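Open your viewer and get the selection panel ready.

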Amino acid sequence: MFGKRTNDPSSLANPAPKPVAAPKKAGAAAPPPTQAAPKPAAAPAQAPPAASAAPKPEPESEKQRSHSEEYYDVKTTVFNALIDTIDLTQLSKLDAVAAREEIRDIVSEIIQLKNVVMSIAEQEELLEDICNDVLGYGPLEPLLARDDIADIMVNGASTTFIEVEGKVQKTGVRFADNTQLMNICQRIVSQVGRRVDESSPICDARLPDGSRVNVIAPPLAIDGAALTIRKFKKDKLKLEQLVKFGSITPEAKAILEIIGRVRCNVLISGGTGSGKTTLLNCLTGSIDTDERIITCEDSAELQLQQPHVVRLETRPPNLEGEGEITMRNLVKNCLRMRPERIIVGEVRGPEAFDLLQAMNTGHDGSMGTLHSNSPREAISRLESMIMMGGFALPVTTIREMIVGSVDVIVQASRLRDGSRKITHITEVMGMEGEVVTLQNLIVYEITGEDANGKLIGRHRSTGISRPAFWERASYYGETDRLAEALSASEVYDEHGNPVGDANG
Ligand SMILES: Nc1ncnc2c1ncn2[C@@H]1O[C@H](COP(=O)(O)OP(=O)(O)OP(=O)(O)O)[C@@H](O)[C@H]1O
Ligand SMILES: [Mg+2]
């Protein structure tokens, strides 16, 4: 064990019987976030966080987790004694496991010296909490360790929500104060070489595991920093799983696979967290292995399985406001990289124009996602992105361009019961006068609600037996499979009545 005990020999030899008053100790000697390894060492923590965790037999459910104030007082005292004792520069040289061991040793010793009365279980929790504060992301650690969480949303120090199985729920996780929360935000973003503070209060970053992070700090966030984490799923959902969850039918799965394989240009439309990226990832699964694919993303989330993939990521401007590489820069550059398919993680600005051009000029099978609530709205979103991008084009020309480029729009939705569905597979057909015509192949409709508030619904086919991409399907020898999938889909008319023998 090591420590800077020579500097402060009294810090340990000062047993105080419990309960111990929490020393008010501002900015304990911790190195700046960039110094430590494996994660940047503890940023100054005034007091240990009021981390909450599950009661012992149920360690995962942070919801119920709450400790007595006494626990937090003890933790503050032990934490401060630890900061006085430990040599953080030395600690930063250790690997994660050794550093954790080291902290555990010192903390155990402090607990003994200070005569703290605690059960073994409480001691274990204290050790874990303190290790998380010094080496990790403090109170966030138990949430980050869980695989079932899709999003973590911290709204200031005392409120944290998570999304599990499509439902947003409040947790008992809280930070000691806004300073500790900001320190943790700072620790996260400094790992990708960024900074978040009053002068640059908005920041995107990524955790080492790939999770997407957004921080917006005071004064913009009024009640303390808001931290949002989209947890990275190592095992991305596959189409089979979407079928299992009831997000699509097996027939719709086959149709999507064919759409992906036969190089239709696809837009995936959906609201926030509706499953767009997941769906895009699934669709790329049916791309042939000999195609050269270039992906452009703001934060690399896609996991393509093909051997010939180039992954590109945008870059925000540096602190001086320079060096930004936008999505548009990437998409334009793609065109010089001999792509066969271009995949844009999220189309949100003028890059819409370049993607449409790429789709139009021989890069069939390109794909992208965009935020909108219906296929029809997706068209107008595209239109306005192009218009706002400063392209002086008449609306009709933009619409013609959209019609000439996009073949299929797949709509993803998160319904009010938390379930995620693919609600439309829609073709972009052409123009009637000034209006873009769309043709639904499959739509999801809600037919009721069960006693538990779960929505009941069905995917229905609109009875189209020859979609506009039939020729393409024929070129790839997929017509039999397509015809089979379409005819096996249940057909109902728009009033919900089954349609005769259209099912074949
Ligand atoms: N059909 C589905 N069934 C259950 N969970 C799903 C489904 N699709 C996606 N998810 C989960 O929902 C979460 C959000 O998915 P995803 O990242 O694909 O959404 P998104 O629409 O791209 O979100 P954003 O708008 O933030 O980019 C992920 O945790 C993902 O695993
Ligand atoms: Mg996404």
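The tour goes from the ligand to a sheet, then to a helix and a single residue.

This is a predicted model, in which local features need pLDDT of at least 70 and side-chain atom pairs count only at pLDDT 80 or more, while totals for chains, interfaces and linings use all residues. Residues are numbered from 1 along each chain as its sequence is written, and chains are lettered from A and ligands numbered from 1 in the order in which they are written.

**Stop 1: the ligand.** Select ligand 1 and its shell of 16 residues (C-beta atom, placed from the backbone, within 6 Å of the molecule). The closest are A150, G275, K276, T277 and T278. Now pick helix α9, residues 276–284, which gives the most to this shell, with three residues (helices are DSSP runs of H or I, at least four residues; strands are runs of E, at least two; both are numbered from the N terminus).

**Stop 2: the sheet.** Next, show the nine strands of the open, mixed sheet, ordered β9-β8-β10-β11-β7-β12-β13-β14-β15 (strands pair if DSSP finds at least two bridges between them). At its edges are β9 (309–313) and β15 (455–461), each pairing on one side only. Zoom in on β7 (266–270) and β11 (367–371): they run parallel, joined by five bridges. Here V266 stands opposite M367.

**Stop 3: a residue in β6.** Finally, select L227 in strand β6, residues 226–230. Is L227 buried or exposed? L227 is buried, because 29 other C-beta atoms lie within 10 Å (buried means 20 or more within 10 Å, exposed 12 or fewer, partly exposed in between, with C-beta atoms placed from the backbone).
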